[in-house]
Each structure stands twice: as C-alpha cells, then as structure tokens.
Amino acid sequence: MKNILVYLEAQGDGLKRISYEVISAARSIAGDSARIYGVLVAGNSGQAENVGEYGLTDVIVANHILLERYSSTAVAATIFQAAESVGADCLLFPANAAGLELEPRLAVKLSAGYVADCTGLSADDGIIATKPVYAGKAQVKTKVETDKCVFSLRPNVFTATKADSPVSTNFTEMVPELTDNDVSVVVTSVDKNEGTLDVLEADMVVSGGRGVKSAENFNLIESLAEVLGGAVGASRAVVDAGWRPHSEQVGQTGKTVSPTLYVACGISGAIQHMAGMSTSKVIVAINKDKDAPIFKVADYGIVGDLFEVLPKLTDRIREVK
Amino acid sequence: MNILVCISRVPDTATKVVIGSDGNSIDSQGVKFIVNPYDELAIEEGLRLREKNGGVVTAVTIGTDKSTDVLRTALAMGVDKVILVKGEENPDSFYVAENLAAVAKDENPDLILLGRQSVDFDSLQIPSALGEILGMPSISVVSKLTIEDGKVTAERDIEGGCEIVEASLPCIISAQKGLNEPRYPKLPDIMKSRSKPIDQRDAAAAASRTSIIGMEIPLKQRAGKILTDSDDDINELVRMLHEDAKVI
Ligand SMILES: Cc1cc2nc3c(=O)[nH]c(=O)nc-3n(C[C@H](O)[C@H](O)[C@H](O)COP(=O)(O)OP(=O)(O)OC[C@H]3O[C@@H](n4cnc5c(N)ncnc54)[C@H](O)[C@@H]3O)c2cc1C
Ligand SMILES: Nc1ncnc2c1ncn2[C@@H]1O[C@H](COP(=O)(O)O)[C@@H](O)[C@H]1O
C-alpha cells in the first residue's frame, strides 16, 4: 500500500465526526510508508481546518459547478479523479448513507476489492478487514486479493485519535472533469429532522420497547435522552405500533448504532434488535423480566419496572452531571 | 415497464448461527432459508408498478440449484418469470454484481429493483456496484418511489432525515423498509408456482476480489452486572457509569 485516500464529509462549518474516525483508521494502517490524503467534495478548506490535529497533511478540495447539488454519481467520478491524481491504492469511506452509495462505485472504477461496514482494519500481510455478518451473530475476517482496496467503516467504532503533535495541512484545489452525464442522479431536497439528534450519530442512545406501553409514555425515554444529551431509539414493535417514527428504529431492519452508551428500556432483546446495537460500548438494560435476552448483552442490567426506575435514574444522572 | 428484481437467498433471521467445519462459513445443517426480507419489498414494488403501468416482472438470483425455492416464492407472489444463474456456492459480491449485470444486459430492463442489503453478509454494495458496471443511476435505501413519464423520484433515508433524489429510467433502486408491505402468497398461487418454468443459465466465471480467512462468533465481553430496582442500586448504577465505565 502506497497512498490512502479518505473521504471527508462536510457538515455545516466542519466535518462529520466519522471523518476524523476514518482519518485515524487510515493512520493506524498506513505504517511508515503510506501517505494519507483527504478528499473533500463541494466544500471549502475552512471546514477541514483542524484535520492537522489528527495528523492529516494533504487535503484535496474539489469543486465544480455540477457539484452544487449533491449527486452520488458525480461525487464518485470526482473521488475517482482525486484518487488517480495521487495514485491512491486504498480508499476509506464512512459506512453511512453517502458512503454506501459511493464505495461500490469507486471499487468498480478502480477494479478494487471492497469490504463494507468494517468494524476492524489491520495491516499485516495486506489489509485484513473485520466485519459483522448475519446481523452481528458472527464476524468474518476478509482479505482483499486485489492490488487496490476500498473499505467503509462503521461509525463510532474506530476512535478518532489526535496526532502526538499537530501537523500543518496542505490544501489543494481541484476542478474535476465532469459532464452532465456524470450527474445521472441528483438530490433535489433534504428534509432534516431539525433539533433532534439522529440515533446514528448520537453518542448516547436511550431506546424504548413495547414495555413503554404507549406513545405518551415515551416522555420518560425522552427525558433520560435529554439529560444524557442523546437521541431516542425504538424497537420495531414500537415503530410498528406507530408510537415512534421508523427513522428511530434500531435493529436489523432499522439502524445499526454503536454509541458510547445504549440504554434499552422495556426491550426484550430479540436477535433482530440486538443486530443493531450489540457493538455499543456500554449497554444498560432495564426490564422487569429477569430472563429477558437483552440482559445477555448488557453490561449493566436493572430488573425492575421502567416506570419506577426511569424517573429515579434520570434524576440521579442529572445530579451527577 | 420491464422490471428486473434481484433476490438473494438467506438464512431465516431467527437462525442460530453455528460456524461450519471449514471455519469460513456457517453450518447450514437444519437452517431454514428464505427470500432476503428487503428483497420481498423489491418484489412487491415491482408487482405494484406492473399493476399500475403494465409490463413484465422478472426475478433473478445468482445461486445454486438450492435457490429454486426463493424463485418459487417470487413466482407465488406474482412475478412473471424467473431466472436462476447457477454459480459458486458462496460467491463474493463482485461475482454476483458481474453476473447480475450480464442478466441485465440480456433482459434490458427499464428498472432494476434490489433490497437495501442482503441480511447474510450485509455487504450493502450490489445496487451501486451494479449501477457502476451498467453505467446506470442508482438510488439506495429508498422508502418511497414514484415513477412518472420515465422520471424517477425517490425518498431516501439519510442520517437525521431523508432526501429526495431524482433520476431517469433506466435506473436501479434498492428497497428500504417502509417502501410497501409485501403481500403473502396465497395457497393456490403457491401450488401453481411449483409447475412454472425456471430459466436456468450458467454463471460466467469472475475472479473473486476478496476472500474470507476466518469466521467467528464474537465473544461476549460484557460485565453483565445485574442490579435490582432499589434506590441504592440505581445510585450504584449511576456511580458505575460515571466512575467505572466513565461514560457519563
Ligand atoms: C425480518 C425481521 C426483522 C426485524 N427487524 C427488527 C428491527 O430492526 N428492530 C427491532 O427492534 N426488532 C426487529 N424485529 C422484531 C423483533 O423480532 C421483535 O419482535 C421486537 O424487537 C420486539 O420488540 P420489543 O422488545 O419492544 O417488544 P417485546 O419483545 O414485546 O418486549 C417487551 C419487553 O418489555 C418488558 N416490559 C414490559 N413492561 C415493562 C415494564 N413496566 N418495565 C420494564 N420492562 C417491561 C417485557 O419484559 C419485555 O421483555 C424484526 C423481526 C423480523 C422477523
Ligand atoms: N446472489 C444474489 N442474487 C441476486 N441478487 C442478489 C444476490 N445477492 C444480493 N442480491 C441483491 O443485492 C441486494 C444487496 O445485497 P448486498 O449488497 O449483498 O447486501 C440484495 O438485497 C439483493 O436484492
């Protein structure tokens, strides 16, 4: 491996947190010989001004009139040109909504082997990627057989680590060669649930299941989430009942989250739910049934009635914080 | 409209996973296989579009003789024809994408529908890889789809919201939950599906680009401390989260 290119994703005035995680993962596999480049598409260097703290020395900032509205095909074409310009043989993406549409396209363009949604990367004799399969019931180690490789990394799993001392970053402007043909799909509007933090990006997630019993009772879950500064999640049973929107569903047919803290309240722990949260760093379960399977993956469990436990727990955490 | 639906055959989601003797795949003894749940949404969407606009829905799977069961399910749901591309037992994603692309070139569909991900390896890559190979637009994780006069408008889930994406036919769409409620095949249709023909083809060899070097069941490394709902225990939990786990 000679050159690694990491995809940096802008958000507001800065970058998404996952971008720093991806830079850090790149450093961990780069060794002494490989050089790391970042590519930021349709953004400005100001958004990436602090990447030097994470040890990133080179960033390509690509802009073009055809990139004004987000188009996955045009962004893929741009990243490809950036990769060619620096001779990248390894590309790293976030395994999120944008990343999952980009990486396979880049893998095809580069004739590269590709592993999605990795939870581990190590470089010994080639790069070995670890990824969960069968809804997290097993994991596989995969070796890429091609000279070039592309990976996407599950958010919140790799730690964003600063370099021992910050480096200065070289920003290079790039104008990719694009035609209307490259813009075969385009995002025409974005509807963000303003004010609410998405379960995918939250560091703390408090989820409620059927045990919460009604939509109104979710105020207990919301209060705890608020005190923790986190997001509300839900089991499928709750989403199917219409108590919470599908965007909050955690699990196999919902979102896969890896927050620092996951609190499961009144959730039994069906395998399809655990598929979406078992890689969380710390798991707390509150359930009145001591045999509920959720306790098998919990670091801390409280056997009790969530209607009594949650208000007390919320108050106590508010005191400590 | 000519619609191609790509379906994969996966273990039932409630299956207990046991690693096989090769150490690289699961032991499929006694495992029940089903149509990938997201692919049922893709089939359903294809059928609804046909009901509205007319046309033909074809289901294809890259698999082995065993995969006839999922193709029969697709027939029972109502697809017009099915194609089995016979190839390797545990193909890598590129192999599948290359072979799906070959079928797409033969069938010349206006629309290719897939699931968001296959719930076995969750590799999440075939829809966009196929788009790149075929030079077609693709939109992944779609929860609402409208097609009018060759123009595709899709609602796609993103972090913290959704976005509206536009493209024109021919186009590739991967289905997310919420797109529709798949129908259950009716018994007479299940019976009828058994005698319908299956178009069988041989897969073209495509070199795998990745290889599995080991599969393992992740070790449970959780402390698993169980407490009661007493005030003391709740305080103790908060102390442990604060001081031991240092997460709050
Ligand atoms: C193909 C497929 C995909 C699926 N995808 C998902 C998915 O993405 N996400 C998902 O979550 N599920 C998914 N499921 C559904 C899953 O199998 C379960 O049905 C679901 O997770 C159950 O939700 P639950 O835990 O909220 O409800 P239940 O299983 O009914 O559990 C409720 C729990 O609440 C506890 N409880 C009740 N009252 C109280 C109280 N007062 N205090 C404390 N505890 C209480 C009970 O002891 C019980 O353990 C999927 C299923 C299939 C077949
Ligand atoms: N062997 C296969 N044959 C046909 N279609 C497949 C196959 N494997 C995956 N697909 C399709 O590709 C989608 C995404 O799968 P994946 O990228 O493997 O997670 C699935 O939901 C299917 O629609």
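These legends go with a set of close-up views of a predicted two-chain model.

Residues are numbered from 1 along each chain as its sequence is written, while chains are lettered from A and ligands numbered from 1 in the order they are written. Since the model is predicted, local features need pLDDT of at least 70 and side-chain atom pairs count only at pLDDT 80 or more, though totals for chains, interfaces and linings use all residues; side-chain values use heavy atoms, with hydrogens and water left out.

**View 1**
For the complex, the predictor gives an ipTM of 0.88 and a pTM of 0.89. Chain B averages a pLDDT of 94, and 99% of its residues score at least 70; pLDDT is the predictor's confidence in each residue, on a scale from 0 to 100.

**View 1. The seven-stranded sheet of chain A.**
Here the strands line up as β7-β11-β6-β1-β4-β5-β12 in an open sheet with parallel pairing. Strands are DSSP runs of E with at least two residues, helices are runs of H or I with at least four, and both are numbered from the N terminus. Two strands count as paired if DSSP finds at least two bridges between them. At the edges stand β7 (113-118) and β12 (170-174) of chain A, each with a single partner strand, so one side of each has no neighbour in the sheet. On average, neighbouring strands of this sheet are turned by 20° against each other, direction ignored. Zoom in on β4 (residues 35-41) and β5 (residues 58-62) of chain A and you'll find five bridges joining the two, which run parallel. One to look for: A:Val41 has A:Ala62 in β5(A) as its bridge partner.

α1(A) lies across β1 (3-8), β4, β6 (90-94) and β11 (149-153) of chain A, and runs at about 170° to β1(A). Axes here are lines fitted to C-alpha atoms, for helices over the stretch in contact, with angles from 0 to 180 degrees between N-to-C directions; contact means heavy atoms within 4.5 Å. A:Ser19 belongs to this helix (residues 17-30), and its relative accessibility of 2% makes it buried. Buried is under 20% relative accessible area, exposed over 50% and partly exposed in between, using a 1.4 Å probe and protein chains only. Leaving aside neighbours within four places in sequence, A:Ser19 is in contact with A:Tyr7, A:Leu8 and A:Glu9. A:Ile29 is also in helix α1 of chain A and is buried, at 4%. Not counting residues up to four places away in sequence, A:Ile29 touches A:Met1, A:Ile4, A:Cys90, A:Leu121, A:Ser122, A:Ala123 and A:Ile127.

Look for A:Lys16 in the loop between β3 (14-15) and α1 of chain A. A:Lys16 is buried, with a relative accessible area of 8%. Apart from neighbours within four places in sequence, its contacts are A:Glu9, A:Ala10, A:Gln11, A:Asn96, A:Glu201 and B:Glu159.

β4 (residues 56-63) and β5 (residues 81-86) of chain B pair in the parallel sense over six bridges, with B:Val60 opposite B:Ile83 in β5(B).

**View 2. Helix α6 of chain B, covered by elements of both chains.**
The 14 residues of α6 (residues 231-244) reach 19 Å from first C-alpha to last, close to the 20 Å expected at 1.5 Å a residue; that expected span is 1.5 Å times one less than the number of residues. Buried in α6(B) are B:Asp233, B:Ile234, B:Leu237, B:Val238, B:Met240 and B:Leu241. They cover an arc of only 155° around the axis, which puts them on the same side of α6(B); the arc is that of the directions from the helix axis to the C-beta atoms. Their cover includes β16 (261-265), β17 (282-287), β18 (300-303) and α7 (306-320) of chain A, together with β13 (225-228) of chain B. After α6(B) comes B:Lys246, with a positive phi near 55°.
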